[in-house]
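Please report on the fold of this protein and on a few of its residues.

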Amino acid sequence: MDARFQYVKLERSEKLESFTQKKLDKLEERYDWIISAEVHFKREEPQEPKGYICNISLSGPGPTIFAESNEESYEAAAAETVRDLERQLQKRKGQMKSY
């Protein structure tokens, strides 16, 4: 899956990208119709101790699937966002028709 990472007012992190890419690869194994992912990491300062935000949008057949989470670290935010996407993908797969 083609994943594009964007950082809003942050430095680029190889470790964070590889962690998130592994999570997205697991989704791609189960749902092979996912085309690409757009991942954004940003920090909201006034929201202590949380404020580490990750949002991911997935492209595939039909409308774009989007999830966002606000956690205590970027890794936790990415993991929670992927869990939310997993639920949405399961629902979408149930609605898909095979011809």
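## A buried serine

Ser69 counts as buried because its relative accessibility is 6%, where buried means under 20% relative accessible area, exposed means over 50% and partly exposed lies in between (1.4 Å probe, protein chains only). This is a predicted model: local features need pLDDT of at least 70, side-chain atom pairs count only at pLDDT 80 or more, and totals for chains, interfaces and linings use all residues. Residues are numbered from 1 along each chain as its sequence is written, and side-chain values use heavy atoms, with hydrogens and water left out.

Ser69 sits in strand E4, residues 65-71. Helices (H or I, at least four residues) and strands (E, at least two) are DSSP runs, numbered from the N terminus.

Which residues does Ser69 touch, not counting those up to four places away in sequence? They are Tyr52, Ile53, Cys54, Ala77, Glu80 and Thr81. Contact here means heavy atoms within 4.5 Å.

The side chain of Ser69 also has polar partners. One of its polar atoms lies 2.6 Å from the backbone oxygen of Ala77. The side chain of Thr81 makes a polar contact with the side chain of Ser69, at 2.6 Å. A polar contact is a pair of N or O atoms within 3.5 Å; within protein, one must be able to donate a hydrogen and the other to accept it, and residues adjacent in sequence count only if both atoms are side-chain atoms.

## The whole chain

The protein has 2 helices and 4 strands. From the N terminus on, the order is β-α-β-β-β-α. The radius of gyration is 14 Å, close to the 13 Å that the globule rule gives for 99 residues, so the protein is as compact as a globular protein of that length. That radius is taken over C-alpha atoms, and the rule is 2.2 Å times the number of residues to the power 0.38. The C-alpha atoms fill a box of roughly 50 × 25 × 20 Å along the principal axes.

Of the 99 residues, 39% are buried. Among contacts with a separation of 6 or more, 48% join residues 24 or more positions apart. The accessible surface comes to about 6200 Å², and carbon and sulfur atoms hold 48% of that surface. Areas come from the Shrake-Rupley method with a 1.4 Å probe; for residues, only the protein chains shown count as cover.

Now the charges. The protein has 17 positive and 19 negative charges, and their mean positions are 5 Å apart. Lys and Arg count as positive, Asp and Glu as negative; His and the chain ends are not counted. Each charge is placed at NZ of Lys, CZ of Arg, CG of Asp or CD of Glu.

## Pairs apart in sequence

| Pair | Sequence separation | C-alpha distance |
|---|---|---|
| Ser69 and Arg83 | 14 residues | 10 Å |
| Pro61 and Trp33 | 28 residues | 7.3 Å |
| Gly60 and Tyr31 | 29 residues | 9.9 Å |
| Met1 and Asp25 | 24 residues | 7.1 Å |

## Loops and the N terminus

Pro61 is in the loop between strand E3 (52-59) and E4. Its relative accessible area is 38%, so Pro61 is partly exposed. Beyond four places in sequence, Pro61 touches Trp33, Arg92 and Met96.

Gly60 belongs to the loop between E3 and E4. At 23% relative accessibility, Gly60 is partly exposed. Its contacts, leaving aside neighbours within four places, are Trp33 and Ile35.

Met1 lies in the segment before E1.

Is Lys9 buried or exposed? Lys9 is exposed, because its relative accessible area is 82%. Lys9 lies in the loop between strand E1 (2-8) and helix H1 (14-30). Phi of Lys9 is near 60 degrees, a positive value in a residue other than glycine. Most residues other than glycine have a negative phi.
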